[in-house]
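Trainee: I have a new protein on my screen. Please take me through it, one question at a time.

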Amino acid sequence: MKIDNLSGTYTIFGINQDEDRSTYRGILKLNLFANNRVEAAWLIGKDQEQFGEGFIADDTLVIDFYYFDDDQNKYSGTVVYKTLSPTTLDGFWTEKNGNPIYLGKEQATKH
């Protein structure tokens with residue numbers, strides 16, 4: 001995927017980094033900004049907002065992300081997406097304080 005084609009809105013489906021392997025759905029918005037860096041914003045479910053910045057190299061997109069829980073505790077991690085096609089990203093993620101036995105998974109399809 002060329003970085004110029006990356007910007008846009010994606011529907012996401014994911015599996016959490018937990019023993020239950022619970023699932024989630026949401027929206028991912030990707031935008032380009034200075035020096036070909038990527039800005040990301042997720043809306044998981046109806047109200048969980050997450051934000052991040054990253055870069056794309058070859059066919060791999062890497063984003064460091066963060067979010068706050070209801071008590072304003074900050075969580076952070078990294079997601080790595082492989083481009084499967086011009087409209088599909090397939091990724092895995094881990095949070096800094098997540099269970100290291102499991103990786104989260106996420107697939108994003110561009111609208």
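Trainee: Between which strands is Asp-58 found?
Mentor: Start with the terms: a strand is a DSSP run of E with at least two residues, a helix is a run of H or I with at least four, and both are numbered from the N terminus. Asp-58 is found in a loop. The strands on either side of this loop are β4 and β5.

Trainee: What kind of model is this?
Mentor: Residues are numbered from 1 along each chain as its sequence is written, and side-chain values use heavy atoms, with hydrogens and water left out. Local features need pLDDT of at least 70, side-chain atom pairs count only at pLDDT 80 or more, and totals for chains, interfaces and linings use all residues, in what is a predicted model.

Trainee: Is Asp-58 buried or exposed?
Mentor: Use the cut-offs: buried is under 20% relative accessible area, exposed is over 50%, and partly exposed is in between, with a 1.4 Å probe and protein chains only. Asp-58 has 73% relative accessibility, so it counts as exposed.

Trainee: What is the phi of Asp-58?
Mentor: Asp-58 is not a glycine, yet its phi is positive. The value is near 55 degrees.

Trainee: What is the phi of Gln-72?
Mentor: Gln-72 is in the loop between β5 and β6. With 57% relative accessibility, Gln-72 counts as exposed. It is not a glycine, but its phi is positive, at about 65 degrees.

Trainee: How many strands does the protein chain have?
Mentor: Read the elements from the N terminus: β-β-β-β-β-β-β-β. There are 0 helices. The number of strands is 8.

Trainee: What is the radius of gyration of the protein chain?
Mentor: Take it over C-alpha atoms, and compare it with the globule rule, 2.2 Å times the number of residues to the power 0.38. For 111 residues that rule gives 13 Å, and the chain comes close to it, so it is as compact as a globular protein of that length. Its C-alpha trace spans about 35 × 25 × 25 Å along the principal axes. The radius of gyration is 13 Å.

Trainee: Which residues have the most contacts inside the largest nonpolar core?
Mentor: A nonpolar core is a set of buried Ala, Val, Leu, Ile, Met, Phe, Trp, Tyr and Cys residues joined through side-chain atoms within 4.5 Å. The largest one here has 20 residues. Those with the most contacts inside it are Leu-28, Leu-30, Trp-42, Leu-61, Ile-63 and Tyr-81.

Trainee: Which elements give two or more residues to this core?
Mentor: In soluble globular proteins, nonpolar side chains tend to be buried together. Here the elements that give two or more residues are β1 (8-15), β2 (23-33), β3 (37-44), β5 (60-68), β6 (74-85) and β7 (88-95).

Trainee: Which residues is Ile-63 in contact with, leaving aside its neighbours within four places in sequence?
Mentor: Contact means heavy atoms within 4.5 Å. Ile-63 is in contact with Leu-30, Ala-40, Trp-42, Gly-52, Glu-53, Gly-54, Gly-77, Thr-78, Val-79 and Tyr-81.

Trainee: Why does Gln-50 count as buried?
Mentor: Gln-50 lies in strand β4, residues 48-57. Leaving aside neighbours within four places, its contacts include Ala-40, Trp-42 and Phe-65. Gln-50 counts as buried because its relative accessibility is 12%.

Trainee: How far apart in space are Lys-29 and Trp-42?
Mentor: Lys-29 lies in strand β2, and at 45% relative accessibility it counts as partly exposed. Beyond four places in sequence, Lys-29 is in contact with Gly-8, Thr-9, Glu-39, Ala-40 and Ala-41. Lys-29 and Trp-42 are 13 residues apart in sequence, and their C-alpha to C-alpha distance is 6.4 Å.

Trainee: Which residues does Tyr-102 touch, not counting those up to four places away in sequence?
Mentor: Tyr-102 is in the loop between β7 and β8 (104-110). Its relative accessible area is 22%, so it is partly exposed. Tyr-102 touches Gln-17, Asp-18, Glu-19 and Arg-21.

Trainee: What separates the C-alpha atoms of Asn-97 and Asn-16?
Mentor: Asn-97 is found in the loop between β7 and β8. It counts as exposed, at 62% relative accessibility. Asn-97 and Asn-16 are 81 residues apart along the chain, and their C-alpha atoms are separated by 13 Å.
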